[in-house]
Amino acid sequence: MLEIDNLHAKIEGDEGREILKGLSLTVNPGEVHAIMGPNGSGKSTLSYILAGKEDYEVTDGSVTLDGEDLLEMEIDERAAKGVFLAFQYPIEVPGVATMTFLRAALNAQRRTRGEEEISTPDFLRLVKDKAGALGISQDMLRRGVNVGFSGGEKKRMEILQMAILEPKLCILDETDSGLDIDALKVVSEGVNALRSPDRGMIVITHYQRLLNHIVPDFVHVMNKGRIVRSGGKELALELEANGYAEYQQDAA
């Protein structure tokens, strides 16, 4: 489904430092891939490039989604094709009610796919069902997007968006950051409910604790802009015990 081949990238205007240095990764439908690595290894940069964030320049390599060139698509095209990025630090959007935002996003994607817009009663039932499972109150849904939310509430709202939009490729950029144990369990249950034979996931994290709840099919160690080792879920336990020093030396 997702094929990343020899990807090189940097921040636009920065002629010196390359961030991604020949990264390759294949994600098939139904697979969950965890990417771990030290700070500065390029994990978030990878997520931004897949989602289409501005200010990043791909200097070599290719990325395809279902055989189509993802890098040639605008951000809204990528979203319509089913790419979803859950942010490490979700932003607040004052003045835009959460329910209005959710319905606008869902209908925009439905229109792009040639589907009818969802009716108000069907939308309300959908949100009530999905929000209840994530412990999101009606008061939160009436407020501006993420306005005044705690870190855990923002992360739950990201998973609610994912549950409503039902993307093909879910990219979770350190979703466990800032979560206490209870919030981590709620968010993980929401993610696990979306696991599907037709959906692929990339879970970016520093910590094994998230992978106790969202058990990956594959774990990749990323350092200095490339994947330096891949394995099964047991690799995350090894990283938890031994750290990244070995891989930093290998990538030097």
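Of the contacts (heavy atoms within 4.5 Å) in the protein chain between residues at least 6 apart in sequence, 69% join residues at least 24 apart. The structure is a predicted model, in which local features need pLDDT of at least 70 and side-chain atom pairs count only at pLDDT 80 or more, while totals for chains, interfaces and linings use all residues. Residues are numbered from 1 along each chain as its sequence is written, and side-chain values use heavy atoms, with hydrogens and water left out.

The protein chain contains 10 helices and 12 strands, defined as DSSP runs (helices: H or I, at least four residues; strands: E, at least two) numbered from the N terminus. Its radius of gyration, taken over C-alpha atoms, is 18 Å; this is close to the 18 Å given by the globule rule for 252 residues, so the chain is as compact as a globular protein of that length. The globule rule is 2.2 Å times the number of residues to the power 0.38. Along the principal axes, the C-alpha atoms fill a box of roughly 55 × 40 × 35 Å.

Buried residues (under 20% relative accessible area, 1.4 Å probe, protein chains only) account for 48% of the 252 residues.

His220 lies in strand S11, which spans residues 218-223. With a relative accessibility of 6%, His220 counts as buried. Leaving aside residues up to four places away in sequence, His220 touches Leu25, His33, Ala34, Ile35, Met36, Ile227, Arg229 and Ser230.

Note on methods: Buried means under 20% relative accessible area, exposed over 50%, partly exposed in between (1.4 Å probe, protein chains only).
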